[in-house]
Amino acid sequence: MIRPQAQGALRQARDGPLVKRRSRTRAVEGRAPAIDIEKVSKTYELGQIKVRALREVSMQITRGDFVAIMGSSGSGKSTLMNILGCLDLPTGGRYLIDGTDVRDMDEDDLSDLRNRKIGFVFQSFNLVARTSALANVELPLAYAGVERRARRERARQALASVGMAKRVDHQPSELSGGQQQRVAVARALVTNPTMILADEPTGNLDSRSTEDVLRIFAELNAERRTVVLITHEPDVAEQAKRVIHLSDGRITEDVRNVGVHEGPPALRHQKRGHNSASGRSAQ
Ligand SMILES: Nc1ncnc2c1ncn2[C@@H]1O[C@H](COP(=O)(O)OP(=O)(O)OP(=O)(O)O)[C@@H](O)[C@H]1O
Ligand SMILES: [Mg+2]
């Protein structure tokens, strides 16, 4: 199990809303989907040229779901992910996160959401070079104003939970790709987010590291965290409970393989005696 923090804090993260709400949506608090987008469009304008990256995409994601988003290159996956993570705004449509319209959030709410409630993982790890794994994982806590000693301890726990306890002092260049991605996952989970958004997190990994990272996501999901993962690989998508296909900025397929409240496939099909990534120390 991933245990970056005390149980109490985890429970709070599971049950609390992503942001303070103050609008009409109060009535749906707790029951609102984690993600609710309605006719979301994104058009990039490059001089005279308009690129319609998303075309009126609507979908809901229930808290605790594990969703894979697939589609060919240029189909709009990263654009959608950036909007879901409030890293970018749609040019049309509506986005409710935990029942609150992102347009009703002020900058403080939005940065709170990005820094503490959503964990991001990217294909290229995005670790800070020449900086230890520990300092990398501490970074989001520093932004959140957590005191130095507490953040060091939490970062150590997060690294231990992804099997990196023995590599805390290593810089990114002194780690393998799979290890760097595990550090990046530790950085994403150290703030105890309710949602993990991952854009091709296994795209640069070998099959063993892919399995490790997927197992960590499965464990995070088993703790009722919502996981949304972009992938090109069908066997990675198989580890999700639901698979959404995008094509040319539209959803063309939306298939549920496993119920939201059932265990994620990676844990359901776990072979007896197989060590979990989180229990394993760095090799
Ligand atoms: N900042 C930008 N400015 C202009 N056009 C953009 C921008 N970002 C993306 N696009 C265009 O929007 C479309 C969708 O891009 P997006 O990055 O979402 O695709 P993707 O599905 O993530 O592809 P890949 O699998 O290659 O990562 C593409 O046609 C792309 O060229
Ligand atoms: Mg992309």
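Among contacts between residues at least 6 apart in sequence, 77% join residues at least 24 apart; two residues are in contact if their C-beta atoms, placed from the backbone, lie within 7 Å. This is a predicted model, in which local features need pLDDT of at least 70, side-chain atom pairs count only at pLDDT 80 or more, and totals for chains, interfaces and linings use all residues. Residues are numbered from 1 along each chain as its sequence is written, while chains are lettered from A and ligands numbered from 1 in the order in which they are written.

The protein has 9 helices and 10 strands. Helices (H or I, at least four residues) and strands (E, at least two) are DSSP runs, numbered from the N terminus. Of the 283 residues, 47% are buried. A residue is buried if 20 or more other C-beta atoms lie within 10 Å of its own, exposed if 12 or fewer, and partly exposed in between, with C-beta atoms placed from the backbone.

Two strands pair if DSSP finds at least two bridges between them. Strand β1 (residues 35-46) is joined to strand β2 (residues 49-61) by 9 bridges, and the two run antiparallel. Along this pair, isoleucine 37 stands opposite methionine 59 in β2. The two strands form a hairpin with 2 residues between them, and glycine 47 in the turn has a positive phi of about 60°. Strand β1 also pairs with strand β4 (residues 92-97), in the antiparallel sense over 5 bridges; here serine 41 has glycine 92 of β4 as its bridge partner.

Now for another sheet. This open sheet has 6 strands in the order β6-β7-β8-β3-β9-β10, and its pairing is mixed. Strands β6 (118-122) and β10 (250-256) stand at the edges with a single partner strand each, so one side of each is left without a neighbour in the sheet. On average, neighbouring strands of this sheet are turned by 15° against each other, direction ignored. For such angles, axes are lines fitted to C-alpha atoms, for helices over the stretch in contact, and angles run from 0 to 180 degrees between N-to-C directions.

We can walk along this sheet from β6. Strand β6 runs parallel to strand β7 (residues 195-199), with 5 bridges joining them, and phenylalanine 122 stands opposite aspartate 199 in β7. Helix α6 packs on the sheet, touching β6 and β7, and its direction makes about 165° with that of β6. Helix α7 (residues 207-222) lies across β3 (66-70), β7 and β8 (226-230), running at about 150° to β8. Further along, β3 and strand β9 (residues 242-247) pair in the parallel sense over 4 bridges, with valine 67 opposite arginine 242 in β9. Strands β9 and β10 run antiparallel and are joined by 6 bridges; valine 243 has valine 255 of β10 as its bridge partner. Their hairpin has 2 residues between the strands, and aspartate 248 takes a positive phi near 50° there.

Helix α6 (residues 177-189) also meets other helices. Its axis and that of helix α5 (residues 148-161) come within 9 Å and cross at roughly 130°. That makes α5 oblique to α6, since angles under 35 degrees count as roughly parallel, over 145 as roughly antiparallel, 65 to 115 as roughly perpendicular and the rest as oblique. Ala158, Leu159 and Ser161 of α5 make the contact with Val183, Ala186 and Leu189 of α6. The axes of helix α4 (residues 133-143) and α6 come within 7 Å and cross at roughly 30°, which means that α4 is roughly parallel to α6. On the α4 side the contact includes Asn136 and Val137, and on the α6 side it includes Ala186 and Arg187.

The largest nonpolar core has 68 residues, of which Leu159 and Ala186 touch the most other members. A nonpolar core is a set of buried Ala, Val, Leu, Ile, Met, Phe, Trp, Tyr and Cys residues joined through C-beta atoms within 7 Å. Not counting residues up to four places away in sequence, alanine 186 touches Val137, Ala158, Leu159, Ser161, Val162 and Met164.

Finally, helix α2 (residues 77-84) is mostly covered, with 6 of its 8 residues buried. Just after α2, cysteine 86 takes a positive phi of about 55°.
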